[in-house]
Number of protein chains: 2
Amino acid sequence: MRVVRTVLELREALDYMRMGGHTPVGFVPTMGYLHEGHASLIRKAGEMANTVVMSIFVNPLQFGPNEDFSSYPRDERRDLELAEREGADIVFIPGVEEMYPEPIRTKVSVDSLTTQLCGASRPGHFDGVTTVVSKLFNMVQPDYAFFGLKDAQQVAVLRRMVSDLNINVEIIACPIVREGDGLALSSRNVYLSGEERTQALVLSRSLRETRKAIEEGTVRTVEEARKLLESVISSSPLAVIDYVEILSFPDLETLEGGSLLSDAEGEVIMALAVKFGRTRLIDNNVFIPKEVHALV
Amino acid sequence: MRVVRTVLELREALDYMRMGGHTPVGFVPTMGYLHEGHASLIRKAGEMANTVVMSIFVNPLQFGPNEDFSSYPRDERRDLELAEREGADIVFIPGVEEMYPEPIRTKVSVDSLTTQLCGASRPGHFDGVTTVVSKLFNMVQPDYAFFGLKDAQQVAVLRRMVSDLNINVEIIACPIVREGDGLALSSRNVYLSGEERTQALVLSRSLRETRKAIEEGTVRTVEEARKLLESVISSSPLAVIDYVEILSFPDLETLEGGSLLSDAEGEVIMALAVKFGRTRLIDNNVFIPKEVHALV
């Protein structure tokens, strides 16, 4: 595994791999502090590509002024061990100076898909994501790029960007990885106190129970599903709901509260953002109501 | 020469050339209605690259609602003859449907360099340019891209975009090509009546005379230079000035009116936009005052 810190070294390392016929190239962009979710992305990349590039960069552009950029957890040594163990070929760890040698004046923005859900609570966040991912795609020129579905909105936004701008990469969305007790893995879980960690289980539990109620037919409308999600989450005294939304996926359009889930075409997302103390957690479940309905 | 009309055909044609070792790839994006200025770009591309791709696409995104998108001159047959004669290998002529199969929600914008000069008179114009050029760069993945210096601001904006987003292409700026009498070539010159065409010569004449006055030392400050440009242009009764500006290049920063041109570091641009009837023409001259001064 090669560790590179400059764009020039990265391009050289990639040229070397391509020259040797080690294509296609798979790319896993991360902000580091890697966990089993990231590991699953590297493994998936290894299945589909002959060169696996991972980047580790905590991108200041996608953090708001009152967000956790400076305190975002970092552990380079552990990250490199995990990357090596899981089979990454090249790890790109640029400093902020290398990514933004001068103040960046160019912005890549997607004007739909970014105003709802996390876009509403985090203005400018997705512009920061699409801009840095554009830069990384231009540096790596991967055939496949791997993202976790925990950031489902990010996946939707990046797919739209890739399609709109004719970027020659396929976005591969990978399933959410969870702890044994259901908590979705997140680098931010490290912020949680013991009590917050316990209460945060309401997120996955609300999704599981609502999904089950939909399958059993006791929840039939969008509004009933949202109510059930909210009531499970509210059973935690520490939970402060940012949003609980049920939208079409991946176009993230509002579904009428009174409409039957079984009438929804294609995929639907139940998406949650909830604060526990100062830590904001997200979780979601994407499913096809028509298929769930068929199970009943 | 191959003529392709879809992104898929374009990528296949490029793969074929690359497979055959015909690299580097040079790219000349145009809006068609080609003239000797475009021809000079193709020839320059032929000198630097082993595959020359030209695109012809009148991009609706970079025209304002009251601009000349629908009346912009088009002549595909003549364009293809010129492209073939000058040595293009691949000509990409997509329809609007091929470039924008669904309404585009992604925008690439450069937030400096675009508010002055043509950016002030044509709000949104440069966002349209940077977005479509991003798309074309992603389709062609050229090593070099060739643009005429007549659109000097476009060159400055695209250079900034390429640098900010780490796009792996070198922007090659080529000199303005002029008629024998000095008129800068433009597809829009076809709009001019005989009388407008004659009076439009004040643009190049104002630049030439001001340049000469600077060389001779009779014009020394930024304000004196601007005054001289304006007075020559105003000698045409049909000329309606949009802007006459003297800025640093390529960062397009304002120079103090009272400052000596010989104090300016690096390059300076004298940039003009003037309307004759309904036709808006631009012209400019980029020079290094310190070198001009040395000549005196």
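This is a predicted model: local features need pLDDT of at least 70, side-chain atom pairs count only at pLDDT 80 or more; totals for chains, interfaces and linings use all residues.
Chain A is divided by the domain assignment into domain 1 (2-174) and domain 2 (187-295). The centres of domain 1 and domain 2 of chain A, taken over C-alpha atoms, are separated by 27 Å. To the contact between them, domain 1 of chain A contributes 21 residues and domain 2 of chain A contributes 17 residues. The two domains of chain A bury about 1700 Å² between them, and 60% of this area is on carbon and sulfur atoms. On the side of domain 1 of chain A, the most area is lost to domain 2 by Leu117(A), Cys118(A) and Lys150(A), which together account for 30% of what that side buries.

Nine residue pairs, both members at pLDDT 80 or more, are in polar contact between domain 1 and domain 2 of chain A. One salt bridge is found across the interface of the two domains of chain A. A salt bridge is also listed for Arg188(A) and Asp68(A), whose closest N and O atoms are 2.9 Å apart.

Between the chains, 27 residues of chain A are in contact with 27 residues of chain B. Chain A and chain B bury about 2500 Å² between them, with 39% of it on carbon and sulfur atoms. Four salt bridges are found across this interface. Asp111(A) forms a salt bridge with Arg105(B), with the closest N and O atoms 2.8 Å apart. Polar contacts between chain A and chain B amount to 18 residue pairs, both members at pLDDT 80 or more. On the chain A side, two or more residues each come from α1 (7-19), β5 (106-110), α6 (125-140) and α7 of chain A. This side has nine nonpolar, 10 polar and eight charged residues.

Strand pairing also links the two chains: β5(A) and strand β5 (residues 106-110) of chain B pair in the antiparallel sense over five bridges. Within this pairing, Ser109(A) has Lys107(B) of β5(B) as its bridge partner.

Asn285(A) is located in strand β10 (residues 279-287) of chain A. Apart from neighbours within four places in sequence, Asn285(A) is in contact with Leu207(A), Arg211(A), Val268(A), Ile269(A) and Met270(A). With Arg211(A), the side chain of Asn285(A) makes a polar contact of 2.9 Å, side chain to side chain.

Note on methods: Residues are numbered from 1 along each chain as its sequence is written. Chains are lettered from A and ligands numbered from 1 in the order in which they are written. Side-chain values use heavy atoms; hydrogens and water are left out. Helices (H or I, at least four residues) and strands (E, at least two) are DSSP runs, numbered from the N terminus. A polar contact is a pair of N or O atoms within 3.5 Å; within protein, one must be able to donate a hydrogen and the other to accept it, and residues adjacent in sequence count only if both atoms are side-chain atoms. Contact means heavy atoms within 4.5 Å. Domain bounds come from an automatic or database domain assignment. Buried area is the accessible area (1.4 Å probe) that two parts lose on being put together, summed over both. A salt bridge is a side-chain nitrogen of Lys or Arg within 4 Å of a carboxyl oxygen of Asp or Glu. Ala, Val, Leu, Ile, Met, Phe, Trp, Tyr, Cys and Pro count as nonpolar, Asp, Glu, Lys and Arg as charged, and the others, Gly among them, as polar. Two strands pair if DSSP finds at least two bridges between them.
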